[in-house]
Amino acid sequence: MIYRSMNATRLDFPNDQFDIVYSVGVYHHLSDAEFRSSLLESARVLKPGGTLILLDNILPSLKINLYAYLIRKLDRGKFVRRKDQILEMLKGMGLNVVSQETFYYTFTGLEGIIVKLGKNAGREI
């Protein structure tokens, strides 16, 4: 495997290059416009039938979880979103949600989201 560092909104790869694009902890650092640009670039470099796996931090689902909410607000990522906001942003991006899962880690109740997206138009939840 070869790994390269580059701007997620302008990937330096040809179209239809990869079977899988994997993103971990990126989107909570991107503005809405950068988030959309990055998704469009991911769709562009995926082969037909390819998969994008998105793993990122989300705001706590329970507003009473003040400790976890505060930790997320103090995160260096300035764009930590709720799960529903992320799923809404994924609509119309040329990728269809195949599956999504919320996960919890540590005693603080911090949450994250894993979304598997497919490039084929017929693939949906």
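1. Let's start with aspartate 16, which counts as partly exposed, with a relative accessibility of 39%. Please keep in mind as you read that this is a predicted model. Aspartate 16 sits in the segment before S1. Take a look at its backbone too: phi is positive here, at about 50°, although aspartate 16 is not a glycine.

2. Next, move along to strand S1, which covers residues 18-24 and includes valine 24. Is valine 24 buried, partly exposed or exposed? Its relative accessibility is 44%, so valine 24 counts as partly exposed, because the partly exposed class lies between the buried limit of under 20% and the exposed limit of over 50%. Together with Ile20 and Tyr22, Val24 makes a nonpolar surface patch of about 330 Å².

3. Now turn to asparagine 57, which belongs to strand S2 (residues 46-58). Asparagine 57 has a relative accessible area of 14%, so this residue is buried; the cut-off to remember is under 20%.

4. Which side chains make polar contacts with the side chain of asparagine 57? One is histidine 28, joined to asparagine 57 by a side-chain polar contact of 3.1 Å. Another is tyrosine 105, whose side chain meets that of asparagine 57 in a polar contact of 3.3 Å.

5. Leaving aside residues up to four places away in sequence, asparagine 57 touches His28 and Tyr105, along with Arg72, Asp75, Val80, Arg81, Ile86, Glu111 and Gly112.

Notes:
Residues numbered from 1 in each chain as written. Predicted model: local features only at pLDDT ≥ 70, side-chain atom pairs only at ≥ 80, totals over all residues. Heavy atoms only, no water. Helix = DSSP H or I, 4+ residues; strand = E, 2+ residues; numbered from the N terminus. Buried < 20%, exposed > 50% of the residue type's maximum accessible area, 1.4 Å probe, protein only. Polar contact = N/O pair within 3.5 Å; in protein donor to acceptor, adjacent residues only side chain to side chain. Contact = heavy atoms within 4.5 Å. Patch = residues over 30% accessible without salt bridge, like charges linked within 9 Å, V, L, I, M, F, W, Y side chains within 5 Å. Areas by Shrake-Rupley, 256 points an atom, 1.4 Å probe, with all protein chains shown as cover. Salt bridge = Lys/Arg side-chain N within 4 Å of Asp/Glu carboxyl O.
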